[in-house]
Amino acid sequence: MAAPTLAPPRSPRGRAARGGNFELNSWLFMRGSGLLLLVLVFGHLFVNLMLGEGIHQIDFAFVAGKWANPFWQVWDLAMLWLAMLHGCNGLRTIINDYAVRLNTRFALKTLLYFGTLVVIVLGTLVIFTFDPCIDPNSTLDVCRMK
Amino acid sequence: MWSWVLHRITGVSIFFFLFAHVVDTAMVRVSPATYNTAVETYKNPVVGLMEVGLVGAVLFHALNGVRIILVDFWEKGPRYQRQLTYGVVGVFVVLFVPFVIRHLTHVFGG
């Protein structure tokens, strides 16, 4: 027969024990997504602003050239989702720290979650529905071959 | 303390920029001309200088984030936290100065 087990004296009770690990997970997420974003964002800035003619090279054709490659589609999609969720979670922490009134907290968080959702959905749609030949008179190579 | 304050300020600033940035990029779904007009804004010298501020914010936030990760997960992190802060400042200068030179050459050099 197994010996009866006693809970350690400092083990959490009540809310802490039942509450799940959301805050721990979000804390871990900030560190994990932060490391991924380090690579994604610096790669994005280096390729778009440092290589070639820098800021002057960016126009519709430049975007079309990048998104012709699934590699950059996945890159930008991952960057979009991770950056928005990382930023949303950061702002959630800041609201928790500074907004005192219950109604203020609720209003700010509603606005935050709604705004984040809109940007993620909009950005995702743009990446997946991008059409390099949206202009019928386009002179881009991909459009002239048709 | 100050790096904690700066981490929050840069984080919030970058997050708000993302709203503008996703919306301007979304103009590729309207028409090439609309998108080109939108990115033309970024090539303006004043906005070019603001981009320097933006990249500075991203750079600090990223490097300070690495410092936080090292303090949290590396067993010797807390002991070397002061040196890590100097490291953040050092690496920031090493990466930021070449960026500013190259970017402003693009912005003002045509």
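Predicted model: local features only at pLDDT ≥ 70, side-chain atom pairs only at ≥ 80, totals over all residues.
B:Leu6 has its place in helix α1 of chain B, and although 55 residues separate B:Leu6 from B:His61 in sequence, the two are 8.0 Å apart in space, C-alpha to C-alpha.

Both residues belong to the contact between two helices of chain B, in which B:Ser3, B:Leu6, B:His7, B:Thr10, B:Gly11, B:Ser13, B:Ile14 and B:Phe17 of α1(B) meet B:Leu54, B:Ala57, B:Val58, B:Phe60, B:His61 and B:Asn64 of α3(B). The residues of this contact comprise 7 nonpolar, 7 polar and no charged. Helix α1 (residues 2–26) and helix α3 (residues 45–73) of chain B pack with their axes 9 Å apart and at an angle of about 130 degrees, and α1(B) and α3(B) are therefore oblique to each other; their crossing is left-handed.

In chain A, the axes of helix α4 (residues 70–98) and helix α5 (residues 102–129) come within 10 Å and cross at roughly 175 degrees. As this angle is over 145 degrees, α4(A) and α5(A) are therefore roughly antiparallel to each other. Among the residues that α4(A) brings to the contact are A:Leu77, A:Leu80, A:Trp81, A:Met84 and A:Cys88, while those of α5(A) include A:Leu108, A:Leu112, A:Val119, A:Ile120 and A:Ile127. The residues of the contact of α4(A) with α5(A) divide into 12 nonpolar, 4 polar and 4 charged.

Key:
Residues numbered from 1 in each chain as written. Chains lettered and ligands numbered in written order. Axes fitted to C-alpha atoms, helices over the stretch in contact; angles between N-to-C directions. Helix = DSSP H or I, 4+ residues; strand = E, 2+ residues; numbered from the N terminus. Parallel < 35°, antiparallel > 145°, perpendicular 65-115°, else oblique. Contact = placed C-beta atoms within 7 Å. Nonpolar A, V, L, I, M, F, W, Y, C, P; charged D, E, K, R; others polar. Left-handed = near helix turned anticlockwise from the far one by under 90°.
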